[in-house]
Amino acid sequence: METLRKLDALGRIVIPQALREQLNILEGDEFRITEEGNKIILERHAVKCMVCDEDANVKKLNRVLLCGVCHDALEKSMKEAG
């Protein structure tokens, strides 16, 4: 995906919504900013499960990040309750 964006007076650039959704970027996520030659590199701090803090196999469920194990456990408990 390639998009042209303007820097505003405060030095901000908006990340397109489609890209934020594709990468599961949520409001409040932290990024490491580095430079390499003439490139600015944004690296999101490791995405972790909001329940167990696992950083592998994390998926977004609405606005919540869950690992596969916690996602499956939540889904199972919802089926049993409903």
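Student: Let's start with Asp29: is it buried, partly exposed or exposed?
Tutor: Good place to begin, and keep in mind that this model is predicted. Asp29 has a relative accessibility of 26%.

Student: Which residue forms a salt bridge with Asp29?
Tutor: A salt bridge needs a side-chain nitrogen of Lys or Arg within 4 Å of a carboxyl oxygen of Asp or Glu. For Asp29, the closest N and O atoms of the pair are 3.5 Å apart, and the partner is Arg44.

Student: How many residues apart are Arg44 and Asp29?
Tutor: Arg44 and Asp29 are joined by a salt bridge. Arg44 belongs to strand E2, while Asp29 sits in the loop between H1 and E1. The pair links distant parts of the chain, and its separation is 15 residues.

Student: Now the open space: which element gives the largest share of the lining of the largest pocket?
Tutor: The largest pocket holds about 710 Å³ of space. It is lined by 23 residues, and those closest to its centre are Ile13, Val14, Ile15, Ile40 and Leu42. Strand E1 (31-36) and strand E2 (39-44) are the elements that give two or more residues to this lining. The largest share, four residues, comes from E2.

Student: Is Cys67 buried, partly exposed or exposed?
Tutor: You will find Cys67 in strand E4, which covers residues 64-67. Leaving aside residues up to four places away in sequence, Cys67 touches Cys49, Cys52, Glu54, Ala56, Asn57 and Val58. Its relative accessibility is 4%, and a value under 20% means that Cys67 counts as buried.

Student: How far apart are the C-alpha atoms of Cys67 and Ala18?
Tutor: Along the chain, Cys67 and Ala18 are 49 residues apart.

Student: Is Leu26 buried, partly exposed or exposed?
Tutor: Leu26 lies in the loop between helix H1 (17-22) and E1. Not counting residues up to four places away in sequence, Leu26 touches Lys60, Arg63 and Leu65. With a relative accessible area of 12%, which is under 20%, Leu26 is buried.

Student: How far is Leu26 from Ala46 in space, C-alpha to C-alpha?
Tutor: In sequence, Leu26 and Ala46 are 20 residues apart. In space, the C-alpha to C-alpha distance is 12 Å.

Student: Last one: which residues does His71 touch, not counting those up to four places away in sequence?
Tutor: His71 is part of helix H2, residues 68-81. Its relative accessible area of 17% is under 20%, so His71 is buried. With its neighbours in sequence set aside, His71 touches Leu61 and Leu66.

Note on methods:
Residues numbered from 1 in each chain as written. Predicted model: local features only at pLDDT ≥ 70, side-chain atom pairs only at ≥ 80, totals over all residues. Heavy atoms only, no water. Buried < 20%, exposed > 50% of the residue type's maximum accessible area, 1.4 Å probe, protein only. Contact = heavy atoms within 4.5 Å. 1 Å grid on protein atoms, 1.4 Å probe; cavity = no way out; pocket = protein on both sides within 12 Å on 5 of 7 lines; lining within 4 Å. Points joined across faces, edges and corners; volume = space filled by probe spheres on them.
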